[in-house]
Amino acid sequence: MHLTRSLSCLPLAFVITLSARAQGAASDARLAALKTEAMRDIDTRAQFTQQFVDQVFSFGELGFQEFETSKYIVGILKQNGFTVREGVAGIPTAWVATWGSGKPVIALGSDLDGIPQASQVPGVACHLPLIQGAPGHGEGHNSGQAVNITAALAIKNIMQREHMSGTLKIWPGVAEEQLGSKAYLVRDGVFKDVDVVLFSHVGSNLQTGWGASQGSGLVSVLYSFEGQAAHAAGAPWRGRSALDAVELMDVGWNFRREHLRLQTRSHYVIRNGGDQPNVVPPTASVWYYFRELDYKKIKELWAMGDSVAQGAAMMTGTKLASERVLGSAWPGHFNRPIAEDMTENIKLVGLPKWTAADQQFARAIQKEVKGDTTGLDTTVAKLEGDVPDSLNMGGGSDDIGDISWNAPTIVLLYPSNVPNLPGHHWADAIAMATPIAHKGATAGAKAQALTMLDILLKPALVDSAWSYFRNVQTKTVKYEPLMRPEDRPATELNTDILARYRPEMKKFYYDPKKYPTYLQQLGISYPTLRKADGSCAATPNTLQ
Ligand SMILES: [Zn+2]
């Protein structure tokens with residue numbers, strides 16, 4: 001009976017297999033054709049991408065103050081038919097733009113903010129601030145939204161014509177340098193209906209990775225102390241110095257640091273050290289970043305910081321008046337099936353074609369900051385795999401980590417910057433409004449677009465992404481936010497710096513109606529290298 005049934009089923013199964021195969025081949029051919037079309041379309045958008053990168057570079061805004069940047073990007077998205085919700089999660093510069101309908105929901109994110117004191121004339125391979133002391137894009141966050149939105153516009157056209165189901169959701173990483181917003185976007189429910197998150201971040205190659213990434217999670221805490229003011233010479237015994245508490249907290253922490261795990265990283269800056277020496281400081285505050293490899297260890301480190309702060313208050317007769325969480329980030333964990341898919345697309349895209357001028361310029365920047373003078377990468381980097389705890393010695397953090405524990409997420413690095421630079425530095429701004437940044441963003445947009453097509457047209461890919469997310473990544477680890485229920489986004493950060501520098505910075509905002517490129521607006525010829533006499537100066541653009 002069993003045998004007969006099996007045999008009788010054979011021809012039908014055979015037919016089904018054949019037709020499924022034929023259909024599979026047809027859909028593979030369709031997908032390949034759409035990918036070719038998307039890449040061509042993105043090439044035709046190269047000037048849009050370049051002007052987008054240049055425009056955001058010229059704003060140079062710090063975390064939570066990305067007002068010009070967000071206004072510009074929201075304008076582009078609205079013009080292109082996206083519905084935009086602004087002021088998301090109580091953050092004035094955060095927004096969520098959506099287009100399309102139904103599943104899958106693809107969320108594209110990238111950071112917006114710059115680095116303090118990183119103002120730099122682009123295209124000049126030595127330290128030449130545009131405005132002395134002002135912020136600037138000393139990491140390269142001016143390029144990621146251009147990558148995502150260029151990709152989204154190309155894919156939106158294809159989706160419309162082909163009547164594809166799917167929703168595109170574009171969102172910004174506000175105040176990434178403060179790890180200040182993404183956990184709040186999660187808390188606001190931005191990723192509740194999302195199937196896959198494709199995050200893009202500036203890098204120096206075209207690359208992605210899966211699993212636990214090299215680096216740390218963190219909590220960022222502002223400790224404020226209260227003492228008693230007094231005449232510092234006339235009646236010092238009547239005063240209790242809040243600055244003493246800050247200094248003793250720092251001394252205490254620096255002793256404690258010797259007895260921490262090697263993976264631990266922590267650093268601080270004094271935000272308020274008093275007003276003038278003859279007034280015993282009645283208030284003072286110090287801002288700590290506590291970094292560790294997992295949620296539990298971050299919480300333990302934070303509790304240790306609290307006890308050192310309390311000890312400092314006791315020693316000085318002051319009070320630990322408040323403890324404000326200014327930011328937090330889970331360590332990232334990225335999705336294997338999506339990262340592997342992206343890696344295949346990266347092979348199709350390849351690295352940009354660098355000119356001799358690009359390479360000469362990159363080497364000059366590397367030499368300037370004593371980095372290895374290897375120039376720009378010319379071979380595509382490999383897919384990065386899971387970094388086990390035993391090999392992770394800690395490092396930077398990104399609050400994309402919080403999102404990665406709420407939906408399958410990957411980070412695409414794209415080659416808009418130069419390798420071997422210090423990071424968070426004026427040198428990291430030099431290439432960010434030059435052909436290196438522009439070509440890198442176009443390559444990144446292609447990799448994003450091709451992976452979006454795979455997500456739209458291969459439901460099995462989304463299924464396997466969720467299977468990895470549920471059965472591997474979150475099998476034993478459950479997400480709990482590091483910030484407390486009462487914490488709110490620290491949207492007042494950097495207000496003072498922008499109030500001080502914005503009037504000067506405005507004079508250098510890029511006007512694409514007048515100049516095809518920002519370098520042309522600034523009158524810089526590319527590449528400008530340090531002069532033979534050792535001086536660093538701009539070379540006027542002979543094109544003008
Ligand atoms: Zn970043």
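Biologist: Let's start with Gln178: buried or exposed?
Modeller: Gln178 counts as buried, because its relative accessibility is 9%. The cut-offs are under 20% relative accessible area for buried and over 50% for exposed, with partly exposed in between, using a 1.4 Å probe and protein chains only.

Biologist: Before I go on, what am I looking at here?
Modeller: This is a predicted model, where local features need pLDDT of at least 70 and side-chain atom pairs count only at pLDDT 80 or more, while totals for chains, interfaces and linings use all residues. Residues are numbered from 1 along each chain as its sequence is written, and side-chain values use heavy atoms, with hydrogens and water left out.

Biologist: Thanks. Where does Gln178 lie, and what does it touch?
Modeller: Gln178 lies in the loop between β4 and α5 (182-187). Leaving aside residues up to four places away in sequence, Gln178 touches Gly63, Asp113, Trp287, Tyr289, Leu326, Gly327, Leu493 and Asn494. Contact here means heavy atoms within 4.5 Å. Helices (H or I, at least four residues) and strands (E, at least two) are DSSP runs, numbered from the N terminus.

Biologist: Now the metal. Which residues coordinate the zinc ion?
Modeller: Glu139 (OE), His141 (NE2) and His201 (NE2) coordinate the zinc ion, at 2.0 Å. Donors are N, O and S atoms within 2.8 Å of the metal (3.2 Å for Na, K and Ca); water is not among the atoms, so sites may look incomplete.

Biologist: And how are those donor residues spaced in sequence?
Modeller: The spacing of the zinc donors is E-x1-H-x59-H.

Biologist: On to the sheets. What is the strand order in the open sheet of 6 strands?
Modeller: The order is β1-β2-β4-β3-β5-β12, with mixed pairing. At its edges are β1 (83-86) and β12 (409-415), which pair on one side only. From one strand to the next, the twist averages 20°. Two strands pair if DSSP finds at least two bridges between them.

Biologist: In what sense do β2 and β4 pair?
Modeller: Strand β2 (residues 95-101) and strand β4 (residues 166-173) pair in the antiparallel sense, over 5 bridges. Ala97 has Ile170 in β4 as its bridge partner. Helix α11 (residues 435-457) packs on this sheet and touches β3 (105-111), β4, β5 (196-203) and β12, with its direction at about 150° to that of β12. Axes are lines fitted to C-alpha atoms, for helices over the stretch in contact, and angles run from 0 to 180 degrees between N-to-C directions.

Biologist: What about the open sheet of 4 strands?
Modeller: Its order is β8-β9-β7-β10, and the pairing is antiparallel. β8 (265-272) and β10 (319-329) each have a single partner strand, so one side of each is left without a neighbour in the sheet. β8 and strand β9 (residues 283-292) run antiparallel, joined by 7 bridges. Tyr268 stands opposite Tyr288 in β9. Helix α6 (residues 242-256) packs on the sheet and touches β7 (217-226), β8 and β9, with its direction at about 20° to that of β9.

Biologist: Nice. Which residues have the most contacts inside the largest nonpolar core?
Modeller: Those are Phe82, Trp171, Phe191, Tyr223 and Phe225, in a core of 133 residues. Helix α11 gives the most to this core, with 11 residues. Apart from it lies another core of 15 residues, including Ala362 and Leu421. A nonpolar core is a set of buried Ala, Val, Leu, Ile, Met, Phe, Trp, Tyr and Cys residues joined through side-chain atoms within 4.5 Å.

Biologist: Last topic: how many aromatic pairs are there?
Modeller: The count comes to 21 aromatic pairs. Rings of Phe, Tyr and Trp (its six-membered ring) pair if their centres lie within 6.5 Å; planes under 30 degrees apart count as stacked, over 60 as edge-to-face and the rest as tilted. Phe59 and Tyr72 form an edge-to-face pair, at 6.2 Å centre to centre with 70° between the planes.

Biologist: Which parts does that pair tie together?
Modeller: Phe59 lies in helix α2 (residues 46-59) and Tyr72 in helix α3 (residues 67-79), so the pair ties together parts that are 13 residues apart in sequence. Phe59 is buried, at 5% relative accessible area, whereas Tyr72 is partly exposed, at 21%.
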